[in-house]
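Subject: Structure handover

Hello,

Here is the structure you asked about. Please open it alongside this note, and then read on for what was found.

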Amino acid sequence: MKNIRSMMSMKSLRCLVDKELFFSNKMQNFFAWLTKDNQWLGFAAALITFILAISKFNTFGGLRFEQSLFLLVLPFTLTKGGRWYNPLLFALISAIFIITFYLTNVFSLLYFGVCNAVLACLSFTHYRPGLLSLGLGLITTPAIKYLLSVFSFPLRLELTRLAGYLLSQFMQDISVVGNCITVKDVAFTVAPECLGLNMISSALVFAVFVLAFFAKRYKKRPGTPFILCFMLITLLFVILTNLNRIILTVVLQVMPGNTLHELIGVLLFALNCCIPLFIIGSYSQGLYSLQNTTKDSIHKKYMVVIVLLPLLVTGSYAVQTNVLHSTFDSGSISIEGFNKSESKDGVQKFINSSALIYVKPPAFMLGSDHNPFICWRGSGYEIKNESIRVLGAHSVYTFELHKQDTAPLYSCWWYSNGTTHSISQLEWRIATLKGEKPFCLINVTTNNKDETSATALRLIGNGIFD
């Protein structure tokens with residue numbers, strides 16, 4: 001019996017020793033791989049660069065959901081043992097964007113610059129970035145979501161109109177006004193917070209993941225035309241998802257704020273977007289081309305990039321203001337019959353017994369504007385019945401403001417520099433780039449819809465700039 005126990009103890013000890021040797025060999029192999037060609041410098045520089053940027057990111061509110069997706073999906077876009085991508089391309093893009101951030105203090109420029117700095121550092125490792133990595137950084141840039149939210153308004157109007165038309169084929173008592181569908185006195189509003197519209201960035205990131213997944217599976221790489229077509233298809237799937245979501249929530253009478261409302265958005269996103277993209281990717285092997293799998297040596301002459309990029313990111317800490325911001329004389333604005341006051345951030349408030357007018361200072365051409373929806377929601381109001389209305393020869397955005405136990409307010413807004421009036425984000429930015437005077441955002445609010453239109457028309461006709 002003692003001999004048996006002794007043999008069992010010896011066997012257990014031998015197994016323990018074998019396991020320790022196994023893990024020891026694994027660790028040795030890992031460190032050998034990590035130190036080969038000094039690629040640990042690339043990983044260390046990428047990590048240091050990102051850590052240095054986090055504190056500056058926090059001054060802009062920190063990383064959003066889309067930026068977190070960048071960190072999760074990036075490893076899938078890296079090519080193991082592929083050809084050596086010259087880090088100077090990523091480093092040059094990074095330098096251009098970060099230096100431009102020095103002048104503009106625009107978060108999106110810093111974020112995309114840091115992304116490229118990380119990619120440049122990873123180019124010194126055997127897990128190397130490529131076109132998908134670069135595209136992933138671009139898609140998750142905050143400016144992309146901002147542009148999507150800005151230009152989603154006409155899309156929401158068109159989707160609402162189309163959904164109302166389709167619903168009217170099998171439902172009675174349906175009317176569509178702006179972004180609102182009314183069914184038997186029950187109103188459904190297609191708001192920017194709708195889960196489907198906020199998933200556009202997530203859908204594009206998932207598209208990158210699908211491309212990267214099948215690139216590894218096929219051991220090939222997708223071409224640029226195929227990537228662009230795949231992204232376009234993704235956007236079409238997102239639009240289809242939103243259309244289906246609008247129709248289904250109206251048919252089921254599910255109001256926003258209900259858990260089922262959010263669940264419908266998630267399920268349709270998976271069924272109408274994620275699954276079809278994965279199916280398309282699985283049948284697209286012929287659209288991938290063979291990738292170079294030769295393990296080129298890492299060129300040590302470019303190692304200076306590893307030192308300069310973290311220093312470039314560190315320099316962003318000294319940036320506090322936008323040195324390219326247009327100078328603007330707030331005293332040049334006056335409206336007869338209104339009392340004027342000005343807040344610390346330059347927003348001018350004009351008020352009399354019947355109307356409230358906000359004139360917001362010019363936004364930088366590459367920066368975000370002072371969207372009134374944000375301010376009104378921050379004051380506890382709910383935005384309803386968004387629409388576009390033509391006053392004279394000019395268009396304005398109109399909407400209603402609702403708050404519990406208070407009568408609704410009627411508001412409208414547009415951009416103006418005294419000579420040009422517009423609701424187009426693209427138009428005022430291009431006009432500013434061409435040298436026109438800075439554009440202010442004008443927001444008129446009253447408790448009567450017709451009075452709001454009349455006040456806005458008077459301001460457009462008479463002007464407010466001296």
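This is a predicted model: local features need pLDDT of at least 70, side-chain atom pairs count only at pLDDT 80 or more; totals for chains, interfaces and linings use all residues.

**Findings**

Isoleucine 181 stands opposite phenylalanine 188 in E5.

E4 and E5 are part of an open sheet of three strands. The order is E3-E4-E5, with antiparallel pairing. Strands E3 (174-177) and E5 (186-189) are the edges, each pairing on one side only. From one strand to the next, the twist averages 20°.

Aspartate 173 has a positive phi of about 55°, although it is not a glycine. Most residues other than glycine have a negative phi. Is aspartate 173 buried or exposed? Its relative accessible area is 54%, so aspartate 173 is exposed.

**The whole chain**

The protein has 466 residues, and 45% of them count as buried. Its secondary structure comes to 16 helices and 15 strands. Take the contacts with a separation of 6 or more: residues 24 or more positions apart account for 68% of them.

In soluble globular proteins, nonpolar side chains tend to be buried together. Here the largest nonpolar core has 63 residues. Which residues have the most contacts inside it? They are Phe57, Val114 and Leu211.

Set aside its neighbours within four places in sequence. Leucine 211 is then in contact with Leu132, Pro222, Phe226, Ile227, Phe230, Met231 and Tyr288.

There is also a second, separate core, of 33 residues. Ala355, Leu356, Phe373 and Phe439 are included in it.

**Helix packing: H10 with H11**

Two packed helices are described by the angle between their axes and the distance between the axes. Start with helix H10 (residues 200-218) and helix H11 (residues 224-251). Their axes come within 10 Å and cross at roughly 140°. H10 and H11 are therefore oblique to each other. The crossing is right-handed. On the H10 side, the contact is made by Ile200, Ala203, Leu204, Ala207, Val208, Val210 and Leu211. On the H11 side, the residues are Phe226, Ile227, Phe230, Met231, Thr234, Leu235 and Val238.

**Helix packing: H3 with H6**

Helix H3 (residues 65-77) packs against helix H6 (residues 131-139) at an angle of about 170°. The axes of H3 and H6 are 9 Å apart. That angle makes H3 roughly antiparallel to H6. The crossing of H3 and H6 is right-handed. H3 brings Phe70, Val73, Leu74 and Thr77 to the contact. These meet Leu132, Ser133, Leu136 and Gly137 in H6.

**Strand E10 and its partners**

Strand E10 covers residues 356-360 and is mostly covered, with four of its five residues buried. Which way do strand E9 (residues 348-351) and E10 pair, parallel or antiparallel? They pair in the antiparallel sense, over four bridges. E9 and E10 form a hairpin, with four residues between them. Phenylalanine 350 has isoleucine 357 in E10 as its bridge partner.

E10 is also joined to strand E15 (residues 440-446), by five bridges. E10 and E15 run antiparallel. Here isoleucine 357 stands opposite valine 444 in E15.

**Other residues to look at**

Glutamate 342 lies in strand E8 (residues 339-342). Its relative accessible area is 42%, so glutamate 342 is partly exposed. Glutamate 342 and valine 359 are 17 residues apart in sequence. In space they are 9.5 Å apart, C-alpha to C-alpha.

Aspartate 405 sits in the loop between strand E12 (394-402) and strand E13 (409-416). Aspartate 405 has a positive phi of about 70°, although it is not a glycine. With a relative accessible area of 77%, aspartate 405 is exposed.

Best wishes

Conventions. Residues are numbered from 1 along each chain as its sequence is written. Side-chain values use heavy atoms; hydrogens and water are left out. A nonpolar core is a set of buried Ala, Val, Leu, Ile, Met, Phe, Trp, Tyr and Cys residues joined through side-chain atoms within 4.5 Å. Buried means under 20% relative accessible area, exposed over 50%, partly exposed in between (1.4 Å probe, protein chains only). Contact means heavy atoms within 4.5 Å. Two strands pair if DSSP finds at least two bridges between them. Helices (H or I, at least four residues) and strands (E, at least two) are DSSP runs, numbered from the N terminus. Axes are lines fitted to C-alpha atoms, for helices over the stretch in contact, and angles run from 0 to 180 degrees between N-to-C directions. Angles under 35 degrees count as roughly parallel, over 145 as roughly antiparallel, 65 to 115 as roughly perpendicular and the rest as oblique. A crossing is left-handed if the near helix is turned anticlockwise from the far one by less than a right angle, and right-handed if clockwise.
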